[in-house]
Amino acid sequence: MIETGRLIIRPWRERDRAPYFALNADPEVRRYLGPAQSRAESDAALDRQEAAQALHGHCFWALERRDDGVLIGFCGLLPGKPPIEGKIEIGWRLGRANWQQGYAREAAEACLAWGWANLSVPAIYAITVPANTASWGLMERLGMQRVPDGDFDHPELPEGDPLRQHITYAIDRP
């Protein structure tokens, strides 16, 4: 669907379920997302991505290395949930073995380009927790800026959860 020099960004396939579960079962990958997921939780998350793809024509797509066809994570665009409801969110997640190799930036740049070419939106948003410096650092390298008054408590996390506080970044249509 989207190809870069090293990556294929595509809809999900049945064969992606096991490697996607392995990624979601890694506590270090989930460090800023919450506890490692069970196979059922991981499959349900993938089912939600497939449903979004069917409904909207985009989702957090599977991210595959071109040279060997290995699923290394995801990157893509989704309609945002509160507090960025009505906006488009970009997101990414890669397996630990693929960190710090430029894959996330390469995929995110391609997904942003796809978004500008295919969606009529004035801006694209991203959220993370303040402690996830790698994620918001990438947001800044992509040209995103922190949204003034965009900090929020994640509505799905309870009071006192260390991951409850989130920050919001955005990039305007070029």
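**Exercise 1. Which residue takes a positive phi in the hairpin of strand 3 and strand 4?**

A word before we start: this is a predicted model, in which local features need pLDDT of at least 70, side-chain atom pairs count only at pLDDT 80 or more, and totals for chains, interfaces and linings use all residues. Residues are numbered from 1 along each chain as its sequence is written, and side-chain values use heavy atoms, with hydrogens and water left out.

Step 1. Find the elements: helices (H or I, at least four residues) and strands (E, at least two) are DSSP runs, numbered from the N terminus. Strand 3 covers residues 60-65 and strand 4 covers residues 71-79.

Step 2. Check the pairing, which requires DSSP to find at least two bridges between two strands. Strands 3 and 4 run antiparallel and are joined by five bridges; tryptophan 61, for instance, has cysteine 75 as its bridge partner in strand 4.

Step 3. Look between the strands, where the hairpin has five residues. Glycine 69 is the answer, with a positive phi near 70 degrees.

**Exercise 2. Classify two of the aromatic pairs.**

Step 1. Rings of Phe, Tyr and Trp (its six-membered ring) pair if their centres lie within 6.5 Å; planes under 30 degrees apart count as stacked, over 60 as edge-to-face and the rest as tilted. The structure holds four such pairs.

Step 2. For phenylalanine 60 and phenylalanine 74, the centres are 5.2 Å apart and the planes are at 5 degrees, so this pair is stacked. It links strand 3 to strand 4, across 14 residues, and both phenylalanines are buried.

Step 3. For tryptophan 61 and tryptophan 114, the centres are 5.0 Å apart and the planes are at 80 degrees, so the pair is edge-to-face. It links strand 3 to helix 3 (residues 103-118), 53 residues apart. Tryptophan 61 is buried at 0%, and tryptophan 114 counts as buried at 18%.

Note on methods. Buried means under 20% relative accessible area, exposed over 50%, partly exposed in between (1.4 Å probe, protein chains only).
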